[in-house]
Amino acid sequence: MSTDVQIAAQELLPIPSPVGHAATGQVAAAGPEDPTIAVGTSPVGLAFTPGGDLYVTNSGSNSVTLIDTSTDTVTIASIPEGGTTPSWLTAAPNGNAYIPNNGSANVSVLNTATNTLVGAPIPLSGGPAAAVVVPSGNVYVSQFFANSVSLINTTTNTVTGGPIAVGSNPVGMAVAPNGNAYVANRGSNNVTVIDTATNTVVGAAIPVGTQPNFIAIAPNGNAYVANIASSNVTVIDTTTNTVLVPSIPVGSSPWGIAAAPNGIVYTANLGANNVTVIDTSTNTVVGAAIPVGTEPIDVAVAPNGKVYVANFGSNSVSVFQGAPTLSGISPNHGSTAGGTVVTITGTNLTGASVTIGGNPATNVIVNAAGTQITATTPPGAAGPATVTVATPSGTASLVNGFTYVADATSLTATPALAKLFPPHVFYPFLNATLVDLVTGLPVPGQTITFSTGNRALGTAITNAEGTAQLSEAITFPLILANDGYTAAFAGTAGLLPSTANAGVIIP
């Protein structure tokens with residue numbers, strides 16, 4: 001077992017390393033995070049206020065930083081929070097934030113409207129670690145050294161009832177749609193399930209990976225558990241409390257985990273200085289990990305879709321756009337020749353490129369909100385094609401979302417013209433003109449076949465005006481005998497076939 005892993009098992013937080021340098025045994029980030037927001041010393045927890053702004057607990061400077069998520073700037077650099085070593089906080093429906101203070105053995109209450117403390121911190125022994133809101137509006141707080149969870153009544157701001165015994169060294173918690181709370185027990189490598197209506201443990205603890213630290217509930221209702229020492233994520237079915245996926249490999253030492261409304265899960269990989277992206281529809285990693293700051297320890301997804309990462313080692317918060325989602329494309333069909341202007345809708349589309357059927361679209365424009373793209377389709381083969389949008393944060397696809405349709409064509413044939421006495425051909429050529437009905441333009445370079453009755457007369461190639469011309473000087477008696485002729489276009493991959501019939505005009 002490495003030194004870093006021992007620290008994770010024995011202490012709630014890592015040992016702070018020099019700012020801007022990875023700790024021993026850590027892997028440097030692949031590139032600088034963009035952008036970053038400077039906060040206090042050794043930031044740990046992230047929580048959104050009812051107004052959508054972000055609180056950051058700074059464990060090394062015993063303070064809270066407030067970030068305006070509309071501008072990603074610091075509104076208040078340092079709010080004294082009344083305790084020592086604040087960790088993972090939560091914001092309750094009553095408008096107060098509850099901040100576990102691991103060092104001072106209490107929980108501070110912060111009014112998010114005024115950014116001021118509400119009374120004295122609530123005493124709570126056993127190493128308060130993380131807080132989560134339960135369906136009643138009250139708050140659970142895990143006690144890392146006491147191997148228990150306690151309930152705080154948010155009306156009275158007092159601890160209610162006795163501690164709920166869980167596994168060893170509990171840290172992160174999350175509440176599933178069924179009302180059960182899932183507790184990550186870092187020291188016993190399992191997850192305890194608590195019925196929040198009765199505050200009692202449900203069944204046996206669920207084995208997961210090594211040193212589970214935090215849990216996120218995805219929109220599908222499953223619980224995703226970040227396991228520090230095994231560098232993976234375990235997926236639990238919260239309807240049966242059984243493991244669905246034992247291990248999704250992620251970056252080194254994932255401490256934090258969060259789920260976005262679009263079904264994407266993010267892990268903050270403290271040992272790799274990056275964030276892994278997981279698609280919960282397939283339970284697979286999407287794309288390359290996203291570089292952030294030094295020792296990312298927590299991650300949170302804002303209502304506007306942006307992702308925030310607390311960087312414990314670089315005293316900063318990284319911000320990046322969430323992975324894209326797609327909801328539709330209109331129109332959903334167009335010419336195989338390309339050139340159809342389409343509108344693609346979704347979320348997190350800023351900076352997107354678009355391919356249709358694997359070919360890049362042109363004239364790609366994304367609106368300011370990142371919810372709509374206009375683009376011009378490339379040429380493609382007739383049939384369904386997948387629409388894929390790629391951003392720096394990932395990709396999303398509409399499988400067979402666009403259908404290429406061969407253009408309808410129109411063929412117009414000019415009647416043959418003759419004078420019988422004496423026999424004389426006033427119009428010595430057969431003419432047929434081919435037009436693309438989608439574009440309205442003549443189609444050059446296509447073969448037109450001329451026939452009369454069951455007899456082929458010959459072929460000709462359409463010129464720049466889309467007209468094919470064949471001499472009738474020799475074949476006119478046959479045309480006259482059959483009361484006219486037929487011109488036919490066999491079609492191509494992008495153009496539908498068409499035919500035309502023309503008679504004989506005898507002045």
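**Legends to close-up views of a predicted model**

**Figure 1. Overall fold and dimensions of the predicted model.** The protein has two helices and 50 strands (DSSP runs numbered from the N terminus, H or I of at least four residues for helices and E of at least two for strands). This is a predicted model, in which local features need pLDDT of at least 70 and side-chain atom pairs count only at pLDDT 80 or more, while totals for chains, interfaces and linings use all residues. Residues are numbered from 1 along each chain as its sequence is written, and side-chain values use heavy atoms, with hydrogens and water left out. The C-alpha trace spans about 120 × 45 × 45 Å along its principal axes. Of the 507 residues, 53% are buried (buried means under 20% relative accessible area, exposed over 50% and partly exposed in between, with a 1.4 Å probe and protein chains only). Among contacts with a separation of 6 or more, 48% join residues 24 or more positions apart (contact means heavy atoms within 4.5 Å).

**Figure 2. Backbone at Pro331, Ser253 and Asn363.** Most residues other than glycine have a negative phi, and most peptide bonds are trans. The bond from Ser330 to Pro331 is cis, with omega near -10°; Pro331 sits in the loop between β32 (325–330) and β33 (333–335). Ser253 is not a glycine, yet has a positive phi of about 55°. Ser253 belongs to the loop between β23 (242–249) and β24 (254–259) and is buried, at 16% relative accessible area. Asn363, also not a glycine, has a positive phi of about 55°. Asn363 is part of strand β37 (residues 362–366) and is exposed, with 56% relative accessibility.

**Figure 3. Two of the aromatic pairs.** The whole structure holds six aromatic pairs (rings of Phe, Tyr and Trp, the last by its six-membered ring, with centres within 6.5 Å; planes under 30 degrees apart are stacked, over 60 edge-to-face and the rest tilted). Trp88 and Phe214 make a tilted pair, 5.2 Å centre to centre with 55° between the planes. Trp88 is in the loop between β5 (73–80) and β6 (90–91) and Phe214 in strand β20 (residues 212–217), 126 residues apart. Both are buried: Trp88 at 2% relative accessible area and Phe214 at 10%. Tyr266 and Phe320 form an edge-to-face pair, 6.0 Å centre to centre with 65° between the planes. Because Tyr266 lies in strand β25 (residues 264–269) and Phe320 in strand β31 (residues 316–321), this pair ties together parts 54 residues apart in sequence. Tyr266 is buried at 1% relative accessibility, as is Phe320 at 10%.

**Figure 4. The largest pocket.** Its volume is about 860 Å³ (a pocket is an open set of points on a 1 Å grid over the protein atoms alone where a 1.4 Å probe fits, with protein on both sides within 12 Å along at least five of seven lines; lining residues have an atom within 4 Å of a point). Grid points are joined across faces, edges and corners, and the volume is the space filled by probe spheres set on them. Of the 30 lining residues, Val132, Met173, Ala174, Ile215 and Ala258 are the closest to the centre of the pocket. Elements giving two or more residues to the lining are β2 (43–48), β6, β11 (128–133), β15 (170–175), β20, β24 and β29 (296–301). The lining has 27 nonpolar, two polar and one charged residues (Ala, Val, Leu, Ile, Met, Phe, Trp, Tyr, Cys and Pro are nonpolar, Asp, Glu, Lys and Arg charged, and the others, Gly among them, polar).
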